[in-house]
Amino acid sequence: MARLFTLAICFFCAAMTANAQVTGTVTDAAGEPLIGATIALKGTLDGTITEVDGTYSLDAKQGILVFSFTGYATQEIPIEGKTRIDVVMQPTSYLLSDVVVIGYGTQKKADLTTAVVVIDEASIKNRPMASAAEALQGKAAGVQVVQPSGKPGGDISVRVRGATSVLAGNEPLYVVDGVPTTDIRGLNPNDIASMTILKDASSAAIYGARAANGVVIITTKRGKEGKSTVTFNAYGGASNLRKTVETLNTKQYRDLINEILPGAYDPSKTGYTDWSDEVFGIGKIQSYQLAFAGGTEKTRYMFSGNYLNQEGIVAPAKFNRYSMRLNLDNQVNRWLNVGTSINLLRSVSEDTPDNASSGRGGVIMSALNTPPFLSIYKNDGSGQYDPNPFQASWENPIAYMFGADQQSTDTRIFGNVNAEATIFKGFTLKTNYGVDLNSHQWDYYLDPFRTNYGRIQRGLGQADKSNTNAWLWENTANYTNTIGDSKFSLLVGSSVQKSRWGNSYLSGFDFPPIPWLPPSTPPTPLLAPPTCRSGRWLHSLAASRMTTWANTSSRPPCAGMVPPSWRTNGARSPRSRWAGVFRQSRSWLGWTPSTI
């Protein structure tokens, strides 16, 4: 009997332990209940939310409870046998103190009156990205990021303010460490510290007419005072086509052709080639980065090297990028700071004509339309690609992929040197000199033997070379001051930018049928080698003022902000034109009773 009584006591205690509950109330600093606050048992899927009166209950005896609510700091409290835990949530006011990089300066989030979105390093970290523009994807409301083609190294379309022009470009203006550009394909995503998107006209007006499609300000990582760090990042991946488009087999294709054109199909053609299997393979991507960062009280540095290799699911498309970045900051003395940001990169890409035309050209369309009875090569042992019998100009997919040899090489130097002097408290002068040098080389050769188009042209060779040089010199003066509860800042500056483009193109045909034999006569030029050069000067004057005032008397608090800016641009290419852009936005926080 005693044993039965002891066993009953054990079962009762176990039941009480299993049903142990923790209850409590979640309130804010003023004692008001927080409705919908989340309470979770750390490391498990158990959790609950607060009721209308801020109360909660959760089955748990031990562990750590995690309390969270939007706009408030997360708290972790151990249970330690307690059955009631009341929590007072503290607002995350530090978020409003975060500094945001805007045009020609910085500003606190609390002082922003325009549409600005910030993507910090934590949002970019550990994401396998080949292009810096991919960091914007899914991170900013209203910003459209689309990749028109999945080929390696392909362009990415970014729309900050939608499509605003039919003939002109719709890409935003990128400002990388103070240097404006329209191309960030070579920028290493691992070097980015933050991206600020100026979405509306008011925030972007400080950059003038070039900001009509929005502005994306990119700040790269810089060294910090303290212990030197060495960071190595590497990742790899593979991709394939999950599902291919179902096409006709040889019998189905024969029945269709005989229905459309009776007698047009050769009944001896009984072979079968699955062109989707021949075209689509396994894509690969791998990236390696080694970075060194550190510094002292006077000098800080960050140096990184990156290698990216990307192979597409359709051969021979591939993209290789080699990049190096050096960021230096030095405090010469107590009133002068100098710095530099230099980015060297080289990219090599091999292309494949995925969609050569709106008809049947290109690998993808050819894989869907090429007759399934064709072989890759002719059966006569000549090594020529098997052409389409219904239209000789339609090559089979493998001919589009490997018929021509083509390669693009880009070499770029992008960076700036700047100096900032503090003349007296609150007044600084800054000068910034930036360069963007880019050399592009594209080579194409189609032999006169393997493809039908190559035999018609008797071989075709093309070469295109272009050089783009741009330099920028900006000078700004900034004054900030605080009087009582009111703050104001004034920025005045000038900018001079010169761009120059040069392009040369050469094309020829009539090559020897056997490539390794010297031609009896030189190849015939298809076009005279054209060479063109053009340039443009851009002069700008800008001014911006930020005023913040507050009323902290015995009446309810209120605050207002009025940040206007003005910029005028003048271009000389080939004639001079000047135009100004003015913007102003206002905000009002709180209220003040009117008295009469």
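A nonpolar core is a set of buried Ala, Val, Leu, Ile, Met, Phe, Trp, Tyr and Cys residues joined through side-chain atoms within 4.5 Å. Buried means under 20% relative accessible area, exposed means over 50%, and partly exposed lies in between (1.4 Å probe, protein chains only).

The model is predicted, so that local features need pLDDT of at least 70 and side-chain atom pairs count only at pLDDT 80 or more, while totals for chains, interfaces and linings use all residues. Residues are numbered from 1 along each chain as its sequence is written, and side-chain values use heavy atoms, with hydrogens and water left out.

**View 1. The largest nonpolar core of the protein chain.** Of the 25 residues in this core, Leu136, Val158, Ile184, Met195, Ile197, Val216 and Ile218 touch the most other members. At least two core residues come from each of β10, β13 (173–176), β15 and β16; strands are DSSP runs (E, at least two residues) and helices likewise (H or I, at least four), numbered from the N terminus. Strand β15 gives the largest share, three residues. Apart from this core lies another, of 16 residues, including Val22, Val26, Ile39 and Ile79.

**View 2. Met195 and its surroundings.** Contact means heavy atoms within 4.5 Å. Neighbours within four places in sequence left aside, Met195 is in contact with Val117, Val118, Ile119, Ile124, Ala132, Ala135, Leu136, Val216, Ile217 and Ile218. In β16, Ile218 is also the bridge partner of Met195.

**View 3. An open sheet of five strands.** Strands of a sheet pair through backbone hydrogen bonds, either parallel or antiparallel. Here the order is β10-β15-β16-β13-β14, with mixed pairing; two strands pair if DSSP finds at least two bridges between them. Because β10 (116–120) and β14 (179–181) stand at the edges with a single partner strand each, one side of each is left without a neighbour in the sheet. From one strand to the next the twist averages 20 degrees (axes are lines fitted to C-alpha atoms, for helices over the stretch in contact, and angles run from 0 to 180 degrees between N-to-C directions). Strands β15 (residues 192–198) and β16 (residues 215–220) run antiparallel and are joined by six bridges.

**View 4. Strand β4 and its partner β1.** Five bridges pair β4 with strand β1 (residues 21–27) in the antiparallel sense. Opposite Thr55 in β4 stands Thr25.

**View 5. Thr340 in strand β21.** Thr340 lies in β21 (residues 336–350) and counts as buried because its relative accessibility is 14%. A polar atom of its side chain lies 2.9 Å from the backbone oxygen of Asn416. Beyond its neighbours within four places in sequence, Thr340 is in contact with Arg222, Leu326, Asn327, Leu328, Asn416, Val417 and Asn418.

**View 6. Asp443 in strand β23.** Asp443 is found in β23 (residues 427–446) and, at 38% relative accessibility, counts as partly exposed. The side chain of Asp443 makes a polar contact with the side chain of Gln441 (3.0 Å); such a contact is a pair of N or O atoms within 3.5 Å, and within protein one must be able to donate a hydrogen and the other to accept it, while residues adjacent in sequence count only if both atoms are side-chain atoms. Although Asp443 and Ser408 are 35 residues apart along the chain, their C-alpha atoms are separated by 6.6 Å.
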